[in-house]
Amino acid sequence: MTSDRRVRLRREAWGFAIGSVFFAVGAVPLYAAAVGAVITNVTFFIGAVFFTLAAFIQLALSGRRPPRRASNRADSWDWWGSAVQFVGTLFFNLSTGAALVTALNPDTRVGSGWVPDVLGSVCFLVASGCAVVATTDRDGLWDPQARSWRCTWLNLAGSVFFGLSAIGAFVIPSTSDFVSLLWANLGTFLGALCFLAAALLSRRDIPVDAAPAATA
């Protein structure tokens, strides 16, 4: 592995880790009550930006174009997972940005706030499924000794929690209430923690640059 690739992998890991922290903090009701709607939405927006930066690095490392037919199955699934995940982060950028604009408007600030994004959550779930297929091809379906096994399944769990948060945030037309405000927040919080754990584990698994040889 080249030094440049190691640097980009570390940046990718830190991007996902920082973005996860912002989403986890923003989903805590006590934090939202303490700082108000504007700061809460800024928190989600910043988290989405870090997700996008990290996802872009991951996609760039996977290749700028879709794999050719000659590519192995695992590499193909890796690329498609990275591509779909990048699209998902863009949906989060749009939804968090729109929520922030709404919160900044005094006329719409009351009751405003970001709610878990359905399209982004679906993309994350699909991307995690692609990563599971790629990992299965390389290491088997259940191999705790494999380097990527833990991160893959943590990301899948995080995507499931994000999906649950999106379902919880669905507004019932007849009552204008959320399906579950608890899961709208808890799903985001738990999902972000899973993404954080996966990012930190992947950061730890990146090889350290070899020390330069001593010269006479």
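Phe-16, Phe-23, Phe-44, Phe-51, Phe-92, Trp-114, Phe-124, Phe-162 and Phe-195 form one aromatic cluster in this predicted model, where rings of Phe, Tyr and Trp (its six-membered ring) pair if their centres lie within 6.5 Å, and planes under 30 degrees apart count as stacked, over 60 as edge-to-face and the rest as tilted. By this rule the count comes to 18 aromatic pairs. One of them joins Phe-16 and Phe-51, a tilted pair with 6.1 Å from centre to centre and 50 degrees between the planes. This pair links distant parts of the chain, since Phe-16 sits in helix α1 and Phe-51 in helix α2, 35 residues apart. Both Phe-16 and Phe-51 are buried, and buried here means under 20% relative accessible area, with exposed meaning over 50% and partly exposed lying in between (1.4 Å probe, protein chains only).

Before going further, a word on how to read the model. Residues are numbered from 1 along each chain as its sequence is written, and side-chain values use heavy atoms, with hydrogens and water left out. Because this is a predicted model, local features need pLDDT of at least 70 and side-chain atom pairs count only at pLDDT 80 or more, while totals for chains, interfaces and linings use all residues.

Now the overall layout. The protein chain has six helices and two strands, where helices (H or I, at least four residues) and strands (E, at least two) are DSSP runs numbered from the N terminus. Along the sequence they follow the pattern α-α-α-α-α-β-β-α. Of the 216 residues in the protein chain, buried ones make up 40%. If we take the contacts with a separation of 6 or more, 73% of them are between residues 24 or more positions apart, a contact being heavy atoms within 4.5 Å.

Let me stay with helix α1, which covers residues 3–26 and holds Ser-20. Is Ser-20 buried or exposed? Ser-20 counts as buried, because its relative accessibility is 0%. Leaving out residues up to four places away in sequence, Ser-20 touches Phe-51, Ala-192, Phe-195 and Leu-196, and two of those names, Phe-51 and Phe-195, are also in the aromatic cluster. Ala-13 is in helix α1 as well, and Ala-13 is buried because its relative accessible area is 4%. Beyond its neighbours within four places in sequence, Ala-13 is in contact with Ala-199, Ser-202 and Arg-203.

A straight helix of 34 residues would span 50 Å at 1.5 Å a residue, yet helix α2 (residues 29–62) spans only 37 Å between its end C-alpha atoms; the expected span is 1.5 Å times one less than the number of residues. There is a kink of about 125 degrees in α2, centred on Gly-36, where the bend at a residue is the angle between axes fitted to the seven residues ending there and the seven starting there. After α2 comes Gly-63, whose phi is positive, near 120 degrees.

Leu-61 lies in helix α2, and Leu-61 counts as buried because its relative accessibility is 14%. What does Leu-61 touch, not counting residues up to four places away in sequence? Leu-61 touches Arg-5, Arg-8, Leu-9 and Glu-12. The C-alpha atoms of Leu-61 and Arg-5 are separated by 7.8 Å, although these residues are 56 apart along the chain.

Two polar residues come next. Asn-93 lies in helix α3 (residues 73–104) and counts as buried because its relative accessibility is 18%. A polar atom of the Asn-93 side chain lies 3.1 Å from the backbone oxygen of Ala-48. Asp-117 belongs to the loop between α3 and α4 (118–139), and Asp-117 counts as buried because its relative accessibility is 13%. Asp-117 and Phe-92 are 25 residues apart in sequence but 6.4 Å apart in space, C-alpha to C-alpha.

Finally, confidence. The chain averages a pLDDT of 84, with 81% of the residues scoring at least 70; pLDDT is the predictor's confidence in each residue, from 0 to 100. Among the elements, α2 has the highest mean pLDDT (94) and strand β2 (residues 177–178) the lowest (84). Over residues 210–216 pLDDT stays under 50, and the model has zero contacts there beyond four places in sequence. Where pLDDT is low, the predicted coordinates should not be read in detail.

Note on methods. Polar contact = N/O pair within 3.5 Å; in protein donor to acceptor, adjacent residues only side chain to side chain.
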